[in-house]
Structure formats: structure tokens, C-alpha cells
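Trainee: I have a structure open and would like to learn how to read it. Could you take me through some features, one at a time?

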Amino acid sequence: MTWWRDAAIYQVYLRSFADGNGDGVGDLAGLRSRLPYLRDLGVDALWITPWYASPMADGGYDVADYRAIDPVFGSLAEAEALIADAHGHGLKVIIDIVPNHTSDEHPWFQAALRAGRGSPERRRYHFRDEPNNWPSRFGGPAWTPVADGQWYLHLFDAKQPDLNWENPEVNAEFESVLRFWLDRGVDGFRIDVADRLVKAAGLPDIPGAAAPSYMDRGGGQPDKDRPEVHEIYRAWRLLLSEYEPERTFVGEMWVRDAERFALYLRPDELHTAFNFAFLKCAWEAEALRDVIDRTVETHHRVAAPPTWVLSNHDVTRHVTRYGRNDTRFTRRRHDLPSDLALGTRRARAAALLSMALPGNVYVYQGDELGLPEVFDLPAEMRQDPVFKRTNGKDLGRDGCRVPLPWSGGEPPFGFGEDGSWLPQPAEWHRLSVESQAADADSMLSLYRLALRVRRAEPALGDGRMRWLESSEGVLAFMRPPGFVCVVNLAEEPIDLPPGTPLVASMALEDGRLPPDATIWLRRSV
Ligand code: NOJ
């Protein structure tokens with residue numbers, strides 16, 4: 001069995017995970033010192049968000065040098081030591097690669113500015129005399145003028161110019177960057193904005209781009225999910241296959257259409273991709289059943305394992321989402337009230353559901369602590385460019401990136417000496433690793449137990465699932481040979497099918513499973 005087909009993968013948002021040098025920003029020294037924590041949590045692999053040299057206009061997704069570590073995080077030697085340490089603990093390391101855009105401070109973009117219109121340097125990016133009507137994903141237009149009157153394209157921030165993937169120099173450079181890190185022992189890459197590298201020839205206007213619904217439009221738009229992008233991944237897969245032991249790609253594509261999504265997972269392309277349909281889904285039995293069926297079915301056809309994702313560094317944390325009346329994630333909202341006790345209860349149930357489904361499971365740092373979204377950050381401390389580009393209409397993503405509380409009774413909870421880069425709520429002392437480790441009923445204890453069982457159970461991870469008959473509002477499925485998962489999304493407690501309880505997200509009530517709870521059972525076969 002290849003590891004990437006059933007791994008539990010922990011997302012490390014580096015600047016908020018652990019601070020080794022006390023400056024209030026997470027770093028490699030901090031991560032290295034906490035590897036035993038991750039090993040004991042029971043995950044199999046880490047995905048580390050960008051660690052490259054960067055002006056940090058978008059938390060490091062604006063890369064100035066793909067072969068160097070940013071000094072705020074450490075050094076190349078430390079990155080190599082981290083990879084070795086992680087391997088020593090039995091943990092694989094997946095790093096982020098950002099091929100859609102560079103930083104505007106990348107030497108290529110600086111050279112393009114200097115070289116002027118019509119130059120080979122400008123052909124590495126998209127420079128034009130007139131902008132088209134494309135909007136930036138972060139708000140405002142996707143074009144910014146330069147001194148000589150030309151404009152350059154940036155689907156994200158103005159400090160993230162888009163590369164021109166029609167220019168073969170661009171792919172040659174990225175293949176060399178992939179090799180640079182593969183030669184240093186990384187086990188895989190998470191590909192940022194994997195569906196947007198190629199743009200429609202001539203960069204035509206997007207019909208109706210001004211409509212608010214445009215961001216949600218399906219594949220094949222001029223600025224995303226072009227058929228030609230698949231050629232890039234076929235070439236990358238061949239490159240990866242030269243390496244032993246096996247390495248992997250996970251794609252980040254917000255492609256709504258499940259069939260088009262699965263095209264990226266054909267056997268000669270990416271190994272896996274984040275399942276955002278599941279992340280966005282409401283906490284409702286029928287909606288979840290549909291997403292699960294569609295996911296399993298489309299992935300099965302291309303023989304790729306599904307992934308199950310509840311949160312990441314771009315979305316409202318699911319404890320907060322699940323405590324709302326409307327539990328879907330459509331876009332970031334800060335004006336909706338949330339019952340965090342209810343959200344936490346559902347998050348516990350969702351964790352067990354996601355770990356029982358076939359394929360990979362992702363844990364975003366802080367999921368295992370049940371952290372909620374933080375809304376009341378001071379405007380001057382917010383760093384997400386989304387906040388500025390929307391004039392604060394969208395609070396942005398800082399609220400899901402607040403540094404982890406490790407220990408102690410007050411902020412920064414063992415993260416930094418005089419405070420962390422974003423302030424943590426004082427009440428997080430209850431949610432710290434230290435207080436949860438001592439509590440058998442905590443979210444952390446549930447994750448530790450469930451990940452241990454998931455690893456030991458031959459039925460879990462890669463493989464098939466079969467729905468069992470169940471009453472309305474209940475999801476019940478079997479993973480052969482003898483594993484059963486039951487999720488109660490109805491309003492009343494329910495009777496359990498036969499089997500020996502392995503893990504439950506809530507205590508049973510008179511032998512019945514309460515609402516918003518999940519149980520794992522073993523049934524003899
Ligand atoms: C997706 C990343 O997850 C997000 O954080 C980033 O802002 C954009 N890609 C642009 O790189």
C-alpha cells in the first residue's frame with residue numbers, strides 16, 4: 001500500500017504553529033521542537049505552508065526565491081534538518097509549491113520591470129497595454145500598471161504577478177525547483193491554485209465578470225481550469241516517478257464540477273486533491289451523503305483516493321461554521337452568530353466521520369484543539385491582503401490563522417515571549433495543548449484516540465465503503481471487513497446497530513447515540 005492513499009495529513013501553517021526563537025512568529029525551530037507532539041497525535045504526514053524567502057504580502061504565498069527559506073522561519077540547513085527529524089519520527093513531509101505567481105520582488109519580475117515592453121523578461125509574466133475585465137480573487141481589479149504604462153496580471157494581490165505558463169522557461173524553472181526539494185528529501189508537494197496556471201489564449205474578457213456569482217462559476221472560464229493545464233501535471237508526474245521512495249502531489253483546486261475535478265486525478269496526473277465540496281457542505285445528513293457519494297464515485301473512476309478536509313488557513317474554522325444556523329461555507333461571514341458549544345459538538349462528530357471515510361484525512365492545525373474563528377482582531381494587526389483590498393468588507397483569513405495556544409494561563413500561551421503576531425483570545429487557556437492533554441474528554445484526546453484507532457484498523461484509510469440502512473437524518477456506513485460508522489444528525493437519540501463501540505464523539509445516553517454525535521463500532525464478520 002502506498003502511503004499517500006490513506007495518510008492522515010496535518011497542515012502546519014508555519015507562522016502560527018510554534019515559535020522557537022521567541023519573536024512571536026512561528027518558525028522551523030518551533031516546528032522541529034514540536035515534532036514529537038505531531039508524532040503522538042498520530043498523523044502520518046505534514047503539509048507545511050510556504051517557507052520560502054518572501055516579502056510576506058500574502059503570508060508567504062508570494063515567493064521571492066523558491067530555493068531559499070525566509071529568515072523569519074530559519075535557514076535551508078534547518079529545513080534539511082527538519083525533513084530528517086520528521087522522517088526520524090516516521091512523518092512524511094509535503095511542502096507547498098506556488099507556481100501560479102511569484103512575488104513582485106522575485107528577480108524575474110524585477111528584471112521584467114527593468115527590461116521594458118516586448119522583452120523576453122516580460123514574456124515570463126502577462127504584460128499588456130490594456131487590462132481586460134478580470135477581477136482579483138482578493139477584491140479589486142486583477143491588473144496593475146507599471147511605470148512605462150503597461151499593465152500586469154495578478155489573479156491575487158498586486159504583489160503576486162501571474163506567471164505566463166505558455167512560456168517554456170517557466171515550466172523549466174519549476175521542474176528545476178521541484179528537483180531541488182526532491183533531492184532534499186521532501187515526500188511531496190501541495191500545488192497552490194493548481195487549476196489556474198494556464199489562462200485562455202489572448203486573455204479574453206470574462207462575460208459577466210462583475211456579477212457577484214462569478215467567483216463560483218464552474219470550470220472552463222478564461223481564468224481557470226483550462227484543458228491545457230493537464231499537460232503540466234502529466235510532465236510533473238513523470239518527473240516525480242523518477243524518485244524513490246514514492247513521492248506525491250496534492251492539488252489545490254476550487255473546481256466545483258466533480259467530473260472536471262476528477263480529471264486532475266487521472267492516473268498520470270496528480271495523486272490527490274483537496275475535497276472542498278466536503279468542506280463547504282452543510283452539516284446535514286442528505287447533503288453530506290450526496291457529497292460523499294459523488295466524491296467516492298468520481299474518484300473511484302480515476303482510481304484516486306478521496307481526501308476529507310474540514311478546515312484550512314483560507315476558510316472560517318469549522319467549529320464556528322457548525323455552530324451557525326446556516327452551516328455551509330459559501331464565503332467568509334463575520335455577521336452570523338454561532339453557538340460554539342454546538343459547533344464543537346458537531347466538530348467532534350465531523351472529525352470521526354472524516355477519519356472513517358475512504359482515503360486521506362486532513363487536520364488543519366488547531367482542529368485537534370477545537371479552535372474557533374477569531375473575529376475581534378485589531379484592524380492594525382490584520383495582515384491578510386483580502387482585508388485591505390476589500391476595505392474591511394471581508395475580514396479576511398487572519399481569524400483562522402491565530403497562533404496555537406500551547407501552555408500557560410495567559411496569552412501568548414507558550415507562543416513567543418512578548419506576544420504573538422496575532423493576539424490570541426484570553427479564554428484560549430482552556431483550549432491549550434497543556435490543558436487538553438490532561439483531559440480525557442477534550443478534543444485533543446478524541447483526535448489522539450481516533451487517529452490511533454484509524455491507523456490500527458485495517459478497514460480504515462484506502463478502500464471501499466457501503467451505506468447501511470438508517471433512519472432519516474442518520475448516516476451509517478460499513479468499511480469492510482467489520483467496521484461501522486454511525487453519525488446522528490437528527491434531533492433525537494438513536495438506537496445503535498450491533499457491534500462493539502470503539503470510539504464515540506459523545507457519551508451514549510442509555511445506550512443510544514445522542515444528536516450531533518458519531519460512533520465507530522466493530523462488528524464481527
Ligand atoms: C491559495 C492559498 O491557500 C491561499 O492562502 C493564497 O492566498 C492563494 N492560494 C494565493 O496563493
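This is a predicted model: local features need pLDDT of at least 70, side-chain atom pairs count only at pLDDT 80 or more; totals for chains, interfaces and linings use all residues.

Trainee: What does Trp51 touch, leaving out residues up to four places away in sequence?

Mentor: Trp51 has contacts with Leu14, Leu28, Ala68, Ile69, Asp70, Phe73, Ala79, Leu82, Ile83, Ile95 and Trp181.

Trainee: Now a strand. Why is β13 described as largely enclosed by the rest of the structure?

Mentor: Start from burial: a residue counts as buried under 20% relative accessible area. In strand β13 (residues 360-364), five of the five residues are buried, so the strand is largely enclosed by the rest of the structure. Then look at each face: Asn360, Tyr362 and Tyr364 lie on one side, Val361 and Val363 on the other, and both faces are covered.

Trainee: Which strands pair with β13, and in what sense?

Mentor: Strand β1 (residues 8-12) pairs with β13 in the parallel sense, over four bridges. Within that pairing, Ala8 stands opposite Val361. Strand β12 (residues 307-308) also runs parallel to β13, joined by two bridges, and there Thr307 stands opposite Asn360.

Trainee: How would I read a single helix residue? Take Ala262: is this residue buried or exposed?

Mentor: Ala262 sits in helix α7 (residues 258-263) and is buried, with a relative accessible area of 7%. Beyond residues up to four places away in sequence, Ala262 touches Thr298 and Val302. Ala262 and Thr295 are 33 residues apart in sequence, yet their C-alpha atoms are 9.0 Å apart in space.

Trainee: And the ligand? Which residues come nearest?

Mentor: Of the 13 residues around the ligand, the nearest are Asp58, Asp192, His313, Asp314 and Arg397. A polar side-chain atom of Asp58 is 2.6 Å from a ligand oxygen atom. For His313 the corresponding distance to a ligand oxygen atom is 2.8 Å, and for Arg397 it is 2.9 Å.

Trainee: How much of the ligand does the protein bury?

Mentor: Taken alone, the ligand exposes 300 Å², and the protein buries 98% of that.

How values were computed:
Residues are numbered from 1 along each chain as its sequence is written. Side-chain values use heavy atoms; hydrogens and water are left out. Contact means heavy atoms within 4.5 Å. Buried means under 20% relative accessible area, exposed over 50%, partly exposed in between (1.4 Å probe, protein chains only). Two strands pair if DSSP finds at least two bridges between them. A residue is near a molecule or strand if one of its heavy atoms lies within 4 Å of it. A polar contact is a pair of N or O atoms within 3.5 Å; within protein, one must be able to donate a hydrogen and the other to accept it, and residues adjacent in sequence count only if both atoms are side-chain atoms. Accessible areas come from the Shrake-Rupley method with a 1.4 Å probe; for residues, only the protein chains shown count as cover.
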